[in-house]
Amino acid sequence: MAFGRRSPRSSRHPPALAIVTALLLAFLFSAAASSTDAMHNNNWAVLVCTSRFWFNYRHMANTLSLYRTVKRLGIPDERIILMLADDMACNPRNSYPAQVFNNENHQLNLYGDNVEVDYRGYEVTVENFLRVLTGRHESAVPRSKRVLSDEGSHILLYMTGHGGDEFLKFQDSEELQSHDLADAVKQMKEKHRFKELLIMVDTCQAATLFSQLQSPGVLAIGSSMKGENSYSHHLDSDIGVSVVDRFTYYTLAFFEKLNMYSNASLNSLFTSYNPSMLMSTAYYRMDLYERPLNEVPVTNFFGSVMKTLHTDSAYTGFLAAHDYATPLSVGDNLDDHFMLKDRSTPRRSNIEKEAQLTPHGWTEVLLEQLEGKNTDTVVMYGLGGMGILLALSTWLSM
Amino acid sequence: MAAHSRGHPAMRERGFSPAGTSPYWWIRPCAGSILFLSLLFLFLFTAAAASAAAPEEEKFTEELLLRPLPDRKALAYFHFRSSAPPAASVGRHHHLFPKAISQLVKKYHISELELSFTQGRWNYEQWGGFDPMSTNNAKPPGVELWGFKLNEGNLRYGALPREAVCTENLTPWLKLLPYRDKAGIASLLYRPSIYKGYYHSQKLKLRSSQSLGIILDQTLTVVLQPNTVSGEQLHSNHGQLQPNWSMRHLFNRKLSGKCLVSKSSRVFIEVDKGIVDNVNKSGSDLSWSNEFFVLSNSPDKLIKGQNHVEIQSSFLYVYDASNYTEEKPLDVGITWKLPLVWTCTPSPFHASRFLMGSGNERGSIALSFMSTNLHKQISGSPTDCSIKAVIFQVVPWYVKVYYHSLEIFIDGSRKTVSEVVDKIHVIPSEDKLLPGTLEMLLRFPCSMQSGTLTLDFDRGFLHIDEYPPDANQGFDIPSALVSFPEFSSARSYPEIDPVLGSPLLENFQEDSVVKSYTEVLLVPLTTPDFSMPYNVITFTCTVLALYFGSLLNALRRRIGEEERELKKTVVILKKWQLLASILYRKFVDELF
């Protein structure tokens, strides 16, 4: 009897119930998708050479090669922190003053005319390195010596020098340990100093240096695994010392073929290393990185390429994010990057992104309430749970 | 209502009636012309005022001076001046003057600042010590800073003797110029040839006052070996010709025109007193093509220079870079025809400094003066004259100088301090806080051939964290500055037009005393065994581990347990013995 009476009602309510649960699920998905909240809008590079003395010329050449590559592909000096522990170019033992080469054919002068070194000589210490990463400087430190990144930054961190099992030697007098590095990266993540971080290490037993990392959004590659040495590539008999390391040499061989408009992926870079040529195994860890490597262009880290969005309407500045009455004409490509956005706009562009997936008015009001808690999926799940409870009680009360 | 639709009748009357109908028709054209004339006068007045206040705008000039040196090298001196008028007239907007500098001046109320980055040592014996170039541009190796603040009489001084100077120091210096190194004279700066030189020094000099505004002088002094293709050139008289060089040999490029925002852009070739005297002695004149040398281009102007006693001391050939373009670049150079040997005027005494003593506990700093007999050249040889010298020395705190141990030797014989020293001012050092400063005014007899001052010091201890990574290299004592206040190195150019407006020559005309810097001293301090902290930790932990291990072992053991263990083993042993004896008896019984 009750069964008979219930069926016609339940045949009326399922459509409403289905709509409510569908809305809630869609909302939950959007909430889950918004865990990486900010858009990628700038690139930084921190290039560190930790070795001193003339016979470590190749480490300087490694770092300067990366500096040249990164500048050539678009990152300006203002967003590069270059730390060189000794002066090779104007070293009295250098028979080519103001010139640093990474090949014995001397075709490329890595030092160039416009090099800007931010930390030089005795300033390259573990303390300064960790201060650069975490941003905890004394107030007198100038802006050119700070990494002023935000939650939309991709940072490339390249370290070279002498290293070993879970450590990297700084200037022959102190060491950076893998747990220190992991701690600094964790602090960076807490303070939203990066969106994605690529760590590249060219030392002996390099892969052990990032073995303690646990922060999400970090990708790391080392030139050799535990127990293996990294070797130099060749000796320049004119200069008298080895001029480049194998891992960096093959990295450069990959990048010299590229220009700013190439879309070679990180996967092609990482798989281009041949262990027999390197004489070590280049090991990378991507367990903390969520994007598949074949979709990430190398210019996301090594260059500074921004895509531009064409709009037919006039540029109305920040109002465009809220003004749903005049939507942007390129509606299908909201994953593209915006040019010249500042810190406050990633949240607004996030609002736009979610507005595409769910009806406008309701989510906008809700998200306005939740301003500031942008990755708070617990709240989203809680709301979803409440909604489900509501639906259940409605169904039960029928 | 009809009135509204057609407009108010009174208004229509007072409206714009055509000219001629109103009784005051002549006022309007008169008023109009008066207005027009007044506007015209106002315009002219402001234009005149603007042109009269033409100095009230930012200016930039660039100049280059090239000079052959007696030891087959060449000196290149780049001079860039930016000036900003006083702040009240121009506000905060700058279009040529670097904003960073004006902000620095305003924030710290700087009245004078000089910052130099130098690599190499100025060779006073060969390159001179008496002319404005060596006085103003010979700087100690490393970084040196002199500063004065407005309304304060204190001098601020700092020196970093071991700072390496390379391209990365030149980059921000060039960024202060309006065109950086993309156009004008700064485009000649080929980095490998600058840093291959024997001496290079980049300097920034800032002067600011309420009336003059801010004047920023950026200079780069380089001593180069010109890379001429021809090697040794022998002349028929078995002398050796000086190397021929041009701008292309020095900088690998030519000057293709001036910087468009610069007020003037000039290249000077200077031949100094030694050459001038030689040429005059042989009877020829100093035209740009004479029997000793010939210049590659004909100069736009010739200027004679005199020193402070009105003797001709240099000759300048001036080239205006605005006459040259990209298609017809300027590549001025000098070709020698006859061998010529000359010397540059030295300062009255050659000052040098060295360390004495051995061991890691104490030592002595010695400052020696060798006479160059300059006073004989200048003022004859009076019997009772003396030369004043001022010594300024800063010594870091870990070299603890005992100022009471000052000893002075003149020509080998010891003199009392009060005979030679007129004034002495000491700021003693404070451990880890302040370096020690010494300033002395000495009076040397003119006839002195060599004089020496010695000061004893103790070497201090540093904390293990204060040692640099390459601690065994040693620590540096910055250069001492020796100046001779009675000798002026200023030049005068009586024949030039003051409107020539050359800041380089203005600087040379400024009154400045003869100065020279001594060498930087390297003091090896005792270095600790840096592995000792690790050793101590290892040993201590081993000892503690052994102690606690055995202690715990001993504490864990129970007395009765041992005896019971012992009994058990004894019982087991007895059983085995019994078994063994039974078997033995059986075996023996069987045998017998």
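Is A:Arg58 counted as buried or exposed? In this predicted model, A:Arg58 has a relative accessibility of 17%, and it therefore counts as buried, the cut-off for that class being under 20%.

**Surroundings of A:Arg58**

- A:Arg58 belongs to helix H2 of chain A, which covers residues 57-72.
- Leaving aside residues up to four places away in sequence, A:Arg58 is in contact with A:His162, A:Ser232, A:Ser242, A:Val243, A:Val244 and A:Asp245.
- With A:Asp245, the contact includes a polar one between the two side chains, at 3.1 Å.
- A polar atom of the A:Arg58 side chain also lies 3.4 Å from the backbone oxygen of A:Phe55.
- A:Val305, which is 247 residues away from A:Arg58 in sequence, lies 29 Å from it in space, taken from C-alpha to C-alpha.

**Extent of the interface between chain A and chain B**

- Between them, chain A and chain B bury about 1700 Å², of which 51% is on carbon and sulfur atoms.
- Of the area that chain A buries against chain B, 33% is supplied by A:Asp113, A:Arg120 and A:Tyr122, more than by any other three residues.
- The contact draws on 20 residues from chain A and 19 residues from chain B.

**Polar and charged pairs across the interface**

- Across the interface of chain A and chain B there are 11 residue pairs in polar contact, and 5 salt bridges are found there.
- A:Arg120 forms a salt bridge with B:Glu168, in which the closest N and O atoms are 3.4 Å apart.
- Sorted by class, the side of chain A that touches chain B comprises 9 nonpolar, 6 polar and 5 charged residues.

Technical notes: Residues numbered from 1 in each chain as written. Chains lettered and ligands numbered in written order. Predicted model: local features only at pLDDT ≥ 70, side-chain atom pairs only at ≥ 80, totals over all residues. Heavy atoms only, no water. Helix = DSSP H or I, 4+ residues; strand = E, 2+ residues; numbered from the N terminus. Buried < 20%, exposed > 50% of the residue type's maximum accessible area, 1.4 Å probe, protein only. Contact = heavy atoms within 4.5 Å. Polar contact = N/O pair within 3.5 Å; in protein donor to acceptor, adjacent residues only side chain to side chain. Buried area = accessible area lost by both parts, 1.4 Å probe. Salt bridge = Lys/Arg side-chain N within 4 Å of Asp/Glu carboxyl O. Nonpolar A, V, L, I, M, F, W, Y, C, P; charged D, E, K, R; others polar.
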